Structures are given as structure tokens and as C-alpha cells.
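Work through the exercises below with the model open beside you, and try each task before reading its solution.

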Amino acid sequence: MSKPKKKLSVSYITVPSQIINSLSSSYLQSLLVLPKKPPPPSPSPSSKKAKPFQCKSSSKSPKLWFSALFLMALLGMLGIGLLPLSSYPCATSPTASSHHHILDNQAISQARTEPYHYNNYTLVEPREEAEEEHSFWKQPEGMGYRGCLEWSKDYRRRSERIVKERRKYVMMVVSGGINQQRNQIVDAVVIARILEAVLVVPVFQVNVIWGDDSEFSDIFDLDHFKRVLANDVRVISSLPSTHIRTRPVAERPTSLHISANWIRSHYLKRLEKVGVLLLRGLDSRLSKDLPSDLQKLRCKVAFHALKFAPRILGLGNKLAERMQSKGPYIALHLRMEKDVWVRTGCLPGLSPEYDELIDRERKRHPELLTAKSNITCHERKLAGLCPLNALEVARLLKALGAPKNARIYWAGGQPLGGKEALSPLTKEFPHFYSKQDIALPGELEPFANKASFMASIDFIICERSDVFMPSHGGNMGHALQGQRAYAGHRKYITPNKRHMLPYFLNTSLPEPEFNRIMRELHRDSLGQPELRTSKVGRDVTKYPIPDCMCNSSSRGYSSQQHARSLLYNFG
């Protein structure tokens with residue numbers, strides 16, 4: 001009795017298109033050419049057995065048959081979905097996901113535990129990481145908002161008279177760091193407009209902490225400043241000879257949230273009598289809720305008139321381009337200097353020795369404490385009043401999906417503890433740079449010992465980053481929040497410190513759960529459009545909607561109105 005013939009098994013080899021594309025044509029040709037072999041001896045009848053399938057052909061050209069067979073097999077595999085049509089094996093499109101049913105349960109289980117290999121389609125974990133990385137760099141939805149500085153008819157009518165003013169002059173002394181000075185310059189322009197006076201270029205008070213004696217024209221482009229504001233306020237570099245010997249009315253406002261009417265009632269009559277008003281100590285005195293036209297003027301000064309001087313702008317842009325040369329980058333403003341820990345009433349958490357150092361300094365200078373003095377350091381921390389330290393910044397960025405190879409630029413003063421204080425960040429994100437790291441030898445030398453110059457370069461590089469995050473509030477963070485919003489709502493992460501810190505202290509919380517909670521807490525804190533009017537007392541240069549930005553679909557702001565606004569504001 002003859003033995004039954006064995007069933008032949010057919011095997012298919014799936015070859016990713018990327019591998020095929022990577023092979024040279026000569027190599028593919030060699031795969032299709034059969035080596036010449038001597039014909040096998042004729043088998044005897046007794047030795048006949050089932051053999052693997054062989055392609056027999058009566059043609060004398062085996063090359064042609066094997067070429068045809070290979071192409072048919074390749075087209076067949078494409079047709080049934082064994083090969084992806086996308087050039088990305090980790091694609092997340094519906095086409096790619098629809099092929100996942102060809103993996104059995106064992107393969108899926110294996111994909112979760114084994115590392116990703118290009119040619120075996122274990123896509124589970126790597127694809128999630130790719131998605132997370134992509135979402136981190138994704139910019140928030142701007143909802144079509146754009147700058148719209150459309151003035152009222154009354155404002156335009158008054159402007160014709162104000163820009164011709166020659167009798168009343170307002171002088172202003174501004175103090176603090178460069179970002180604090182920016183705020184005071186904005187308010188100086190607004191006060192000059194309220195009083196319908198000429199503005200003398202603000203004087204920078206010498207900074208007693210940093211010894212910086214920079215002037216307005218050293219930091220900002222003075223000609224640009226005058227030109228942009230030409231239709232709103234007349235700006236001059238110095239008092240005319242007719243008023244040089246005039247003893248000005250010197251004032252230091254003590255009230256907070258002063259209104260336009262308050263300014264007129266307190267200063268206008270004396271200004272008309274004497275001709276010169278000198279104001280000092282104006283920081284944050286002017287109300288945040290002024291009439292609409294004055295709010296727009298604030299935006300015009302902050303976002304259009306205050307342009308950095310050419311040499312600062314040139315170097316800042318050059319350094320920013322170096323950061324951009326290898327892809328997107330994150331910018332951090334880290335507030336970890338010794339004086340910050342003293343002023344906030346918080347502890348750096350580096351070591352007991354550093355904590356004791358800060359505590360002694362605070363007791364020695366209690367007047368430096370700007371935070372609430374009736375609560376403990378721990379209570380301040382839980383209330384969200386303390387700067388994030390390097391470890392907390394690193395954990396938050398990682399939880400929000402920042403890739404390990406992300407390039408990070410950090411701005412800020414020398415941290416307490418030096419490089420060791422930054423080590424949790426540099427270990428997690430090794431591509432970590434300051435302006436000193438990316439500048440060529442000698443590039444920063446002209447700006448040595450000029451804190452305002454250095455802070456301005458930091459501002460430019462942070463403004464041009466793909467993602468920005470401050471470790472603590474402050475004038476620079478607030479200025480950048482408004483600037484990035486006005487530029488189209490570029491991603492700005494606002495750490496939700498009050499709600500997230502309890503989870504940082506929970507050491508039993510698994511990391512995946514911690515990451516999920518952080519993403520949920522910051523879902524609406526990524527720089528999305530936010531109305532200033534939702535909270536009282538918000539600065540329009542930080543929240544420019546709705547005073548200075550319009551959504552064409554919701555406000556009916558036409559392109560003709562936009563063009564007319566540009567013509568009035570910028571000629």
C-alpha cells in the first residue's frame with residue numbers, strides 16, 4: 001500500500017518596503033539571477049518522494065520567470081496588507097492601524113515586552129513614545145486670534161492735537177531689571193498720553209545690585225520707538241533748551257491702581273503751570289483696567305515699539321538660530337538664585353546646609369521677604385508660592401512628554417549650589433545649554449558686567465523657542481507670556497504648582513499615573529487663548545485678549561479694518 005502524500009506547506013516572507021528601497025538595483029538583480037548548477041541526476045522510481053515546491057518552466061529564460069514571480073508575490077503581499085504602503089513603519093494612520101489584526105495574541109504580548117526592531121512590527125511602545133514626543137512639540141490652537149489695534153474716532157481726533165504738543169513734558173525714571181523697566185516704559189507712554197504731553201525718553205536708574213549703567217538707547221532701538229509711537233505720543237530724546245532750567249514737579253505716586261482720572265486730577269494743573277513733570281517709582285502703580293484705547297496703547301508699546309537695539313537683536317537672533325539649527329528647542333527661565341530663595345521665603349531643598357544658609361540670611365534681612373511671613377516654608381510650597389527646583393522641573397517636563405534628546409536653553413542667574421543644583425535636569429536632559437555654552441569666544445565679551453544686555457539676549461532666545469516654561473512667576477515670564485500670545489499663541493507651559501506639588505511629594509505614586517495626572521493638570525495651561533476679562537486686575541500685556549487681539553469669526557474684524565489699523569499704527 002502506497003504512503004499518502006504529505007501536504008505541502010507554503011511560507012511567505014514579508015519584506016518591508018523600506019528595506020527594499022534601501023537595496024541597490026544591482027543587489028536586487030543578483031537576488032533574481034539563479035546560479036548555474038549542473039542538472040541533477042534523474043531519480044530512480046524507488047526514490048521518488050514529496051519535494052518542496054519548485055518552479056519548473058519550459059522557457060529557456062529562468063531570469064524572466066523569477067522576475068515575474070517576485071513581482072507577483074510583492075504585489076500580492078501589498079494587496080493583502082502584509083506590507084505597509086506608508087514610508088513610516090510606526091505610522092498611526094487608519095491604514096496602518098487596520099493591519100494590526102494580522103498579529104496574533106502571542107505577537108502582541110511579545111511586542112510589549114521586547115525592544116522595538118525595525119523589521120518585526122513590534123509597534124506598541126515605540127509608537128506611543130513617538131506620539132507623546134510629537135504632542136509635546138505641538139503648538140496650542142490659537143482660534144484665529146491676531147493683533148487688532150483699532151482705535152476709536154475720539155482717540156484719532158485727539159491724536160492730531162497731542163502729537164503737536166510743545167508746552168508740557170513728562171520725564172520718567174525707571175528702575176529694576178530690564179523686564180521691570182519694560183513695564184514702567186509702557187506706563188510712561190500711557191501717562192504722557194493721558195496728560196496730552198510730550199514724553200522725554202525714560203531715564204534708566206543705575207542698578208545698585210548689578211551696577212548696570214545702561215541707557216534706553218543701549219537696550220532699545222530709540223528711532224524705532226519714536227517712529228512707531230509717532231501717531232500716539234511725541235517722543236523726544238531730551239528736554240528742549242527752553243525747559244532745561246525749569247525745576248520740574250517731582251512726584252512719587254504712592255497709591256495703587258491709579259486711574260486715568262486720578263492722574264489728570266493730581267498732575268494736569270501743575271504740569272500746565274510748570275511745564276515739566278518728573279515721575280519716579282511708578283512700578284505697577286497704574287491701574288490694569290484702563291479705557292479700551294489706553295489698553296491698546298499699552299499693547300502697541302509692549303509688542304511693537306519696544307524693539308531691542310540692533311547689536312543686541314543681532315546677537316540674540318544669532319544664538320537663537322544656533323539653538324534652532326538642530327530642530328525644536330525648549331527654553332526655561334529658572335529662578336534658583338540665592339536672593340530668590342531669600343525673598344520668596346522658600347528653601348532650595350539642595351541639602352540641610354543650604355537650607356540653613358537661606359534661613360540665616362532671611363533672619364538677618366527680614367525686609368527682603370516679599371512672600372507671606374505668617375506661614376511656614378512647607379505651607380508656602382504647597383500653596384504654589386515657591387520656585388520649582390531642578391528636580392521638579394525635570395519631572396514635570398518628562399511627565400508632559402519632553403523627549404530625553406530635547407535641546408534645552410536655560411535663562412536665569414547663577415543658581416545657588418552652582419552646577420550641582422542643575423544636575424537633576426542635566427542628567428535627564430543632557431542637551432542643556434546657556435548663552436555662554438552656545439556663544440563663540442569673544443561674542444559675549446562686549447556685554448560683560450551688563451546685566452540688562454544679558455537679560456535682553458535671554459529674552460530673545462526664549463521668545464524664539466518652540467516651548468517656553470518658567471520655574472516661577474516674574475516680570476520676564478509675564479512679558480514672554482504676552483509676547484508669545486500676541487505672536488499667535490506659541491506654546492507656553494504655566495506650571496500648576498499649587499495642584500501638582502502634593503503629587504510630587506507622594507513617593508508611592510507609580511510614574512505612569514504621575515505622568516497622566518501631570519498631563520491632565522496642564523491640559524489648559526499650555527498657552528491657549530485666555531481672556532483677560534475672566535479675572536480682575538490682569539495685565540493686558542500678559543493677556544492681550546480681547547483688548548488687543550480679535551478673532552475674525554467671533555468679532556467680525558474684517559481684513560479692511562486690519563489694513564486700516566496697520567496703516568494708522570505703522571504708516
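## Exercise 1: a sheet and its helices

Task: determine which strands helix α13 lies across, and at what angle it runs to β9.

Solution. Helix α13 (residues 310–324) lies across β8, β9 (407–411) and β10, and runs at about 150° to β9. This is a predicted model, in which local features need pLDDT of at least 70 and side-chain atom pairs count only at pLDDT 80 or more, while totals for chains, interfaces and linings use all residues. Residues are numbered from 1 along each chain as its sequence is written, and side-chain values use heavy atoms, with hydrogens and water left out. Helices (H or I, at least four residues) and strands (E, at least two) are DSSP runs numbered from the N terminus, and angles run from 0 to 180 degrees between N-to-C directions, with axes fitted to C-alpha atoms, for helices over the stretch in contact.

Next, take the sheet itself: four strands form an open sheet in the order β10-β9-β8-β11, with parallel pairing, where two strands pair if DSSP finds at least two bridges between them. The edge strands, each pairing on one side only, are β10 (432–433) and β11 (467–470). Strand β8 (residues 329–333) is joined to β11 by four bridges, and Ala331 stands opposite Phe468 in β11. Helix α17 (residues 390–399) also packs on the sheet, where it touches β8, β9 and β11 (contact means heavy atoms within 4.5 Å).

## Exercise 2: a salt bridge across the chain

Task: identify where in the chain Glu321 and Arg464 lie.

Solution. Glu321 forms a salt bridge with Arg464, with the closest N and O atoms 3.9 Å apart; the term requires a side-chain nitrogen of Lys or Arg within 4 Å of a carboxyl oxygen of Asp or Glu. Glu321 lies in helix α13 and Arg464 in the loop between α20 (451–463) and β11, so that the pair, 143 residues apart, links distant parts of the chain. Glu321 counts as partly exposed because its relative accessibility is 44%, between buried (under 20%) and exposed (over 50%), with a 1.4 Å probe and protein chains only.
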